[in-house]
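Let's walk through this model together, one neighbourhood at a time. Have the sequence and the 3D view open as you read.

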Amino acid sequence: MRQSFVFSLKARDGGARLGEIATPRGLIRTPAFMPVGTAATVKAMLPETVRATGADIILANTYHLMLRPGAERIAKLGGLHRFMGWDGPILTDSGGYQVMSLSKLRRIEEHGVTFQSHIDGATHLLTPEHAIEVQCLLGADIQMVLDECTPFPATHDQARSSMELTMRWAERSKQAFQKMAAPGQALFGIVQGSVYPDLRERSAGVLQDIGFDGYAVGGLAVGEGQAAMLDTVTVTASVLPEDRPRYLMGVGTPDDLLEAIARGIDMFDCVMPTRSGRHNQAFTWGGRLNLRNAKYAEDESPLDAESTCPAAQYSRAYLHHLMKCGEVLGAMLLSWSNVHFYQELMGRARDAIARGDFAAYADNVSRRYATSNTTDDESE
C-alpha cells in the first residue's frame, strides 16, 4: 500500500489543470467532483452505485459524525471506510461551517467554538485540536483545518478579524495533525477573507508559510453571487502553489464548476446533485429538467439519452410519475443520474484539458444550461 499523498500535474489548457492525487486508498483524478456523504452516506445511493458513477473520492462531515454516532464509536467499529462500506479516499470537512449554520447557539472564542447540538441541544466544544482528533478517529484520508466561516456580507474589518482567527486555528490544526495523523493522510488549509482580494492574498500567504498538502478556497457560495465568487477564485488561485491541489468548497452548478476549473481549481464538493435529485431536478446533457413539470407526463423519451447512467435511461414519464407520487425510487433514480452526470462532466473536462480544447467544451455546456434554465424552471 502506498503510504504517501502526492499531487501530479499532467497537463494544462489555459488556467485549467489536469492531474491526479495519489493516496494510500487509490488515485483521485482531477478535476474531481466529490459527492457529499454527510452522515456516512451519499443520500439515496448505495456506496457501490456511487463508485460506479466514476467517483474517486467522497466527502463526509465531521460535525454530523461527531454528534451521531460519535467518532469514538466509528473508530471502534473499524473506521469510517469500513463503517460505510467505501474503500476509496474520503475527505472530511472540519465541521466549522455546520457549527455556524446548524447549531442552536454558538460562542466563538480564541480557543475554539462552543455550540449546542442541533439534534438534542447538548453543549460541545470544537477546537482546532479536537477537529483534527475527530477526523483522525474517523480515518479520513484528507482532513481540513478548523475555520471560522465568515458571514456574507462582512465589512473589511470583520472579514480581516475572522480570517486572522482562522489562520491561528490553521497553525494549531497543523500542529495537532503532525501528532495524530497516520501515514498517507493529508491536511488542507482553508483560504478565507470574504470577497476582499488583499485578505485572500494574505490568507494564502500565511497558509503557505505554515505548509499544507493542499489548499481550499472557503467562504464562497454564501450569497455573494457568481461574478464575485469567480473574481475571488481568480485572485486566490493565482497566489496558491502550483504543486498542490486546489479545492473550492461547496460549489456548485455545472457552470460554476467549469468556470472554476478554467481558473485553476482541481477539486469540488456540493450537495446539489443529490439534493436536486430529491426535489424533482435532473441535470442532463440537454440542460436542467424539472420532472414534476406536466409536459413530461407522457414523455416516453429517456431522461438523458446522452448519458451512460442506467438511471438516466428510465422514461421521463415514469420519473414524472414517481416524483408526483413521492415515491422513494424517484429520488433514488434522479440522485443516481445527477451524481453520474457530475462525474461525466468532470471526466469530459479532463479529456478536454488533455486535448487542449477545454474552453470550447465549457462554452458548449454553459450554452446548454443557459437555455434550459430559462425554459424548464416551472412545475405545474
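A hairpin of 2 linking residues joins β2 to β3. Please keep in mind that this is a predicted model, in which local features need pLDDT of at least 70 and side-chain atom pairs count only at pLDDT 80 or more, while totals for chains, interfaces and linings use all residues. Residues are numbered from 1 along each chain as its sequence is written, and side-chain values use heavy atoms, with hydrogens and water left out.

**The strands at the start of the chain**

Helices (H or I, at least four residues) and strands (E, at least two) are DSSP runs, numbered from the N terminus. Two strands pair if DSSP finds at least two bridges between them. β2 and β3 pair in the antiparallel sense over 5 bridges, and E20 has R29 in β3 as its bridge partner.

How many of the residues of β2 are buried? Of its 8 residues, 7 are buried, which leaves β2 mostly covered. Buried means under 20% relative accessible area, exposed means over 50%, and partly exposed lies in between (1.4 Å probe, protein chains only).

**Backbone details worth a look**

The bond from T30 to P31 is cis, with omega near 5 degrees, and P31 sits in the loop between β3 and β4 (32-34). The bond from F152 to P153 is likewise cis, with omega near 0 degrees; P153 belongs to the loop between β10 and α7.

The loop between β4 and α1 (47-52) holds A40, and A44 lies in the loop between β4 and α1 as well. A40 is not a glycine, yet its phi is positive at about 65 degrees. A44 is also a residue other than glycine with a positive phi, near 70 degrees. With a relative accessible area of 13%, A40 is buried, whereas A44 at 36% relative accessibility counts as partly exposed.

**Salt bridges**

A salt bridge is a side-chain nitrogen of Lys or Arg within 4 Å of a carboxyl oxygen of Asp or Glu. A search of the whole structure finds 20 salt bridges. Three of them are listed here.

| Pair | N to O distance |
|---|---|
| R25 and D141 | 2.8 Å |
| R368 and E306 | 3.1 Å |
| D363 and R367 | 3.1 Å |

Start with the salt bridge between the side chains of R25 and D141. This pair links distant parts of the chain, 116 residues apart: R25 is in the loop between β2 (16-23) and β3 (26-30), and D141 is in the loop between α6 (128-138) and β10 (142-144). R25 counts as partly exposed at 37% relative accessibility, while D141 counts as buried at 4%.

Next comes the salt bridge between R368 and E306. This pair, too, links distant parts of the chain: R368 is in helix α14 (residues 358-372) and E306 is in the loop between β16 (287-290) and α12 (316-325), 62 residues apart. R368 counts as partly exposed at 26% relative accessibility, and E306 is partly exposed with a relative accessible area of 34%.

Why are D363 and R367 separated by about one helical turn? They are 4 residues apart in helix α14, so about one helical turn lies between them. D363 is partly exposed, with a relative accessible area of 42%, and R367 counts as partly exposed at 48% relative accessibility. Elsewhere, salt bridges that share partners join R12, R17, E242, R246 and D266 into one network.

**Two helices side by side**

Helix α7 (residues 156-180) and helix α8 (residues 197-210) pack at an angle of about 10 degrees, with their axes 10 Å apart. That makes α7 roughly parallel to α8, a label for angles under 35 degrees. Axes are lines fitted to C-alpha atoms, for helices over the stretch in contact, and angles run from 0 to 180 degrees between N-to-C directions.

Contact means heavy atoms within 4.5 Å. Among the α7 residues that meet α8 are M163, M167 and K174, and the α8 side includes L199, R202 and V206.

Key. Angles under 35 degrees count as roughly parallel, over 145 as roughly antiparallel, 65 to 115 as roughly perpendicular and the rest as oblique.
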